[in-house]
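Opening the notebook on this one. I want to go through salt bridges, then a cavity, then the surface.

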Amino acid sequence: MYCVDLNSDLGESFGRYTIGNDDKIIPLITSANVACGYHASDPVVMNETLAQAKAAGIRVGAHPGYPDLMGFGRRNMSVSPAEAKAYTLYQLGALDAFCRAHKMKMQHVKPHGALYNMAAKDYELSQAICEAVKEFDDGLIILALSGGELARAAKDMGLRTALEVFADRAYEEDGSLMNRRKEGAMITDEEEAIARVIRMIKEKKVTAVTGKDIPIQADSVCVHGDGAKALAFVERIRGALAREGVEIRPLDEIV
């Protein structure tokens, strides 16, 4: 039996600026990564996102990023491990306030953007993030890039760990995500995205941009909520998973 979680990065609107299709995406996924105010979101958006998630009966997790609203958290920052730990703790606390108000339990933590990509290659940075999570709530699941350093640090620290793959991103041969600035980094063809997802789940392989197959583990599939074809991706991927006999379940029922 194959099973997988479907997650999306949500709650990334800010003030009068609306990003993504949260109200349409939420009913189709099992886990929402909710922005915590550093790279995107604000208190009103966080509150509304949790209300929508609760109404849909899906799990929620924190999506902490670098303090970079202008760059949407996608610009690399040079911070010490102590700073990264403090940034993570701060954002976990922010989301937890809304979880408590809505009587919801936080399921997982998934870093955002540059913090996610840098942690995937930097064990020391990953340790700092994991220390924050463990001290805050050692029952939380770390959602990390398959094969990356964050996953290794989380496992070394005894935290529940889920490995994530991306429906709409190209992979380098080392298993890292291709830089968004490079041509071909985003998968826009729906059929290609679906075929890649099914293969990642069933064969535990994905074809890198070099043409070489690399190993990968798919506990959760991410579709970006702000992508141009995010809604179409989620709808079609759900249908394809059902046809392929893959059960869609939340992370806390998988790892």
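Is Asp 96 buried or exposed? I looked it up in what is a predicted model: Asp 96 has a relative accessible area of 17%, so it counts as buried, the cut-off being under 20%.

Next I checked its partner. Asp 96 meets Arg 100 in a salt bridge, 2.7 Å from N to O. Both sit in helix α3, four residues apart, about one turn of the helix. Arg 100 is exposed because its relative accessibility is 62%.

Then I went for Arg 75, which forms a salt bridge with Asp 68, with 2.5 Å between the closest N and O atoms. Asp 68 is buried at 6% relative accessible area, while Arg 75 is partly exposed at 42%.

Another pair I noted is Arg 236 and Glu 191, bridged at 2.3 Å, N to O. Arg 236 is in helix α8 and Glu 191 in helix α7, so this pair ties together parts 45 residues apart in sequence. Arg 236 comes out partly exposed at 35%, and Glu 191 is partly exposed at 46%. I also found Arg 59, Arg 249, Asp 252 and Glu 253 joined into one network by salt bridges that share partners. My search of the whole structure gave 18 salt bridges.

Helix α3 gives the largest share of its lining, four residues. The lining has four nonpolar, three polar and no charged residues.

Last, the surface: Phe 14, Tyr 17 and Leu 69 form a nonpolar patch with about 340 Å² of accessible area together. Tyr 17 lies in the loop between β1 and α1 and is exposed at 63%.

Terms used:
Residues numbered from 1 in each chain as written. Predicted model: local features only at pLDDT ≥ 70, side-chain atom pairs only at ≥ 80, totals over all residues. Heavy atoms only, no water. Patch = residues over 30% accessible without salt bridge, like charges linked within 9 Å, V, L, I, M, F, W, Y side chains within 5 Å. Areas by Shrake-Rupley, 256 points an atom, 1.4 Å probe, with all protein chains shown as cover. Salt bridge = Lys/Arg side-chain N within 4 Å of Asp/Glu carboxyl O. Helix = DSSP H or I, 4+ residues; strand = E, 2+ residues; numbered from the N terminus. Buried < 20%, exposed > 50% of the residue type's maximum accessible area, 1.4 Å probe, protein only. Nonpolar A, V, L, I, M, F, W, Y, C, P; charged D, E, K, R; others polar.
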